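The sequence and the model come first.

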Amino acid sequence: MSQPAPSKPDMTADDTDQQADVVRDRQTLEAELEVLREENRRLRESYARARRATFRRTAVGFFAVGGLSLVAAFVFPALQTIFIAFGGTGVFAGIVTFYLTPERFVSASVSDTVFNTLADVEQHLVSELELQTERIYVPTASHPETAAHLFVPQHVEYAVPDPEQLEELFVTGVEAEQGISLPPTGDRLYTEFEQAMSGTFGTGPDAIATQLTAALSEQFELVDDTTIEIDSENQTASIAIDNPAFGDIHQLDHPVVSLLAVGFATGLDRPVTVDTRDDDRFSGVVTVSWDTPEQPSQSSDAATPEQEMAPTPETD
């Protein structure tokens, strides 16, 4: 004879009230969360509209200045050339400002988060493979689509691989050349810098440092200020950085450090190493080092002065 199934204990009024309170609290939290999300969306859209409106007002101002200058050119014939120049400049600036108004604005915190995540992934890869702390930026003149590669060696005593070998993530082959090759964050920044550059890129350390630091502060606005110190004897360039974007410059392949390294490697046309250190006067100091290319040794077949002066033995 089967036993009757045990009956479930009856729920008391307090238990029912507690469950109802939990349901109400959850519904309230979900409603508040949705309100916060909607408010966040509204604030982002409002911020973007405000920025676009600022650009639009600036463009209207340029148009107004240009139009008034053109009118003044007819009113004051003696100054017609000057007013026409002002008018043309104002109209051109207005057109550029109006049509180049960005449609989307990305906050600095979002950019920092994206870069920090990428830097953490790369640093984790370096740690897992037990690679060295040395950072070598190798120019790739034979591959115009990229300016340089970041090579992280596996051994303390390392040799820089050929650019062709750096096309792969894992560099294998000769033991001294083993490591990984990463695309630098400064590679595309350097491409944009090169496209916007007026004139030619310098080939000396002083000129290279001056042009790159100007791009960092004025073109990309990645730093507030820089101070350059070139040590030609030790073949190093130290660039003090003030208030860099993207946080700590000690991170692997920081954009500021990477652009300097890629620029020096390309300008000097040789591999460079980078090091970063703290400084009480600045946010940090980036030191770029390079070696002088070895001069080709004299062929052993070439005759020395003593050999040239030695008499030729007579033969019978």
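H5 crosses H6 in a right-handed sense, where right-handed means that the near helix is turned clockwise from the far one by less than a right angle, and left-handed anticlockwise. The model is predicted, so local features need pLDDT of at least 70 and side-chain atom pairs count only at pLDDT 80 or more, while totals for chains, interfaces and linings use all residues. Residues are numbered from 1 along each chain as its sequence is written, and side-chain values use heavy atoms, with hydrogens and water left out.

Helices (H or I, at least four residues) and strands (E, at least two) are DSSP runs numbered from the N terminus. The chain holds seven helices and eight strands. Of its 316 residues, 31% count as buried, that is, under 20% relative accessible area, with exposed over 50% and partly exposed in between (1.4 Å probe, protein chains only).

Two packed helices are described by the angle between their axes and the distance between the axes. Axes here are lines fitted to C-alpha atoms, for helices over the stretch in contact, and angles run from 0 to 180 degrees between N-to-C directions. H6 has packing partners in H4 and H5.

| Pair | Angle | Axis distance |
|---|---|---|
| H4 (residues 186-196) and H6 | about 65° | 8 Å apart |
| H5 (residues 205-219) and H6 | roughly 145° | within 10 Å |

In the pair of H5 and H6, Pro205, Ile208, Ala209, Leu212 and Leu216 of H5 meet Val256, Leu259, Leu260, Gly263, Phe264, Gly267 and Leu268 of H6; contact means heavy atoms within 4.5 Å. Ten of these residues are nonpolar, two are polar and none is charged. In this division Ala, Val, Leu, Ile, Met, Phe, Trp, Tyr, Cys and Pro count as nonpolar, Asp, Glu, Lys and Arg as charged, and the others, Gly among them, as polar.

The crossing of H4 and H6 is also right-handed. Here Gly186, Asp187, Leu189 and Tyr190 of H4 meet Pro255, Ser258, Leu259, Val262, Gly263 and Thr266 of H6. The contact of H4 with H6 has five nonpolar residues, four polar and one charged.

Why is H6 largely enclosed by the rest of the structure? The reason is that 13 of its 14 residues are buried. The 14 residues of H6 should span 20 Å at 1.5 Å a residue, and the end C-alpha atoms are 20 Å apart, which agrees; the expected span is 1.5 Å times one less than the number of residues.

The largest nonpolar core has 44 residues, of which Tyr137, Phe193, Phe264 and Val272 touch the most other members. Such a core is a set of buried Ala, Val, Leu, Ile, Met, Phe, Trp, Tyr and Cys residues joined through side-chain atoms within 4.5 Å. H6 (residues 255-268) supplies the largest share of this core, nine residues. A second, separate core of five residues includes Val138, Phe151, Leu166 and Val171.

Most residues other than glycine have a negative phi. Glu221, in the loop between H5 and strand E5 (225-231), has a positive phi of about 55°. Glu221 is exposed, with a relative accessible area of 61%. Asn243, in the loop between strand E6 (236-242) and H6, has a positive phi near 55° and is partly exposed at 45% relative accessible area. Just after H6, Asp269 takes a positive phi of about 55°.
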